[in-house]
Amino acid sequence: MDFTISSSLLYKHLAGASRIVAGKSTMPILENVLFTVESNQLRMLVTDLETTLLTTIPLENVRREGAIGVPLRILLDTLKEFPDMPLNFSVDPNSLKIQVDYNVGTRKGEFSVMGQHTDDFPELPELVQDQTTEFTTSTEVFLAGISHTSFAAGKPDLAPHLAGVLIEVKPERLRFVATDHNRVACATRKDIRAEADRQVFLPIRPASLLNAILPHDEDELQVAFDNRNIRLTTSAVQLICRLTETNFPPYESVIPYENPFELSIDRVVFHNALKQVSPFSDRGRNLVTFALAQNKLTISAKNPDNYNEAYQEIECSYSGDALEVSFNTLHLTEALANIAAQEVVINFSPNTRSSLLRPTIDESEHDELLMVIAQAHR
């Protein structure tokens, strides 16, 4: 194998791959990235057996094709210190020695590492064709759905069966849902079509990796999944993630669409007020209390252990009876941080123990974002 590639381009793709190859593995081969050069392309494959990433980079100068396992960490650490320059890779097929040399301006040198046989490297997971559901969207839409919901997912150590994002497709929409039983985040895209009615559960670790791996643009994204894996494919990247089987709760039944009392408020002002008052709350429960009256919201917190307390009054638009409710501050501030709109609406009811939070204006006519926040007992 013998080819030339830009150091900065290679580093960029290796940095994304390194998020999957984390630390020491029980299988030493998994600490390598599989380089395959063919058809004037470099294909780089990494996996931890749960998540697999295949990246394709066009090459202009290929002198010999081939494949080899390359130690990822030392290559990444080395390239981090390089300016952008052409690097010449040459592999001895007998000794598996990988030699890299460069000669640009005043910079001339080389380094070498030992490669690994490719025989033991896991193959790219394949979907079962007659069990596969497919649809097309964009990376921008998919990443937004994950971002708007994953914050509400259960923690792996506390609620492992909820530690991820539900992806639900129907003929009329695509939906992302996450919950930890205290809140629900639900992001719907109404212009995505799939010839199926299915749900799959994407674990939180691969869900959190998507933002660093997939391109942030409107590049077409092909999504396919069966009962075991989900495959995300763009023009340059293919990501395959192992799915988790879980009994996801019937989330639609807890969305309080009929809450009659309505609060409209500036999101930034509201968010800042919560962050300014919450340090005075009980650190164990992080409770803040809302006192709602005509066109006024009073947010208060107090800590009975040290007698610290604070309140702040905010102008707002409120229709409904006078009401007092309490919330976990973190549930509200994390929800507000994942809404882009200038103004938000919260619907309350004296007869339910949860409130419905949503932006007054969604990001587009095809989007719908809503969040359910459980009220706390004082």
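My entries follow in the order I made them.

**Ground rules.** I'm working from a predicted model, where local features need pLDDT of at least 70, side-chain atom pairs count only at pLDDT 80 or more, and totals for chains, interfaces and linings use all residues. Residues are numbered from 1 along each chain as its sequence is written, and side-chain values use heavy atoms, with hydrogens and water left out.

**Helix H1.** I started with H1, residues 7-18. Helices here are DSSP runs of H or I with at least four residues, strands are runs of E with at least two, and both are numbered from the N terminus. H1 has 12 residues and spans 16 Å from first to last C-alpha, close to the expected 16 Å; the expected value is 1.5 Å times one less than the number of residues. I listed its buried residues (under 20% relative accessible area; over 50% is exposed, in between is partly exposed; 1.4 Å probe, protein chains only). They are Ser7, Leu10, His13, Leu14, Gly16, Ala17 and Ser18.

**H1 against H2.** Next I checked helix H2, residues 72-79: its axis comes within 10 Å of the H1 axis, and the two cross at roughly 135 degrees. That makes H1 oblique to H2. For angles, under 35 degrees is roughly parallel, over 145 roughly antiparallel, 65 to 115 roughly perpendicular, and the rest oblique. Axes are lines fitted to C-alpha atoms, for helices over the stretch in contact, with angles from 0 to 180 degrees between N-to-C directions. On the H1 side I noted Leu10, Leu14 and Ala17 among the residues meeting H2, whose own set includes Leu72, Leu75, Leu76 and Leu79. Contact means heavy atoms within 4.5 Å.

**H5 against H6.** How do H5 and H6 run relative to each other? Helix H5 (residues 267-277) and helix H6 (residues 329-337) have axes that come within 10 Å and cross at roughly 150 degrees, so they are roughly antiparallel. The contact uses Arg267, Phe270, His271, Leu274 and Lys275 of H5 with Thr329, Leu332, Thr333, Leu336 and Ala337 of H6.

**Two threonines.** Thr137 sits in strand S10, residues 133-138, and is buried because its relative accessibility is 9%. Leaving out residues up to four places away in sequence, Thr137 touches Phe142, Ile192, Asp219, Glu220, Leu221 and Val223. Thr106 is in the loop between strands S8 (97-104) and S9 (107-114), and counts as exposed at 83%.

**Cysteines.** I counted zero disulfides, taking one as a pair of cysteine sulfur atoms within 2.5 Å. Cys241 is buried at 0%, and Cys316 is buried at 12%.
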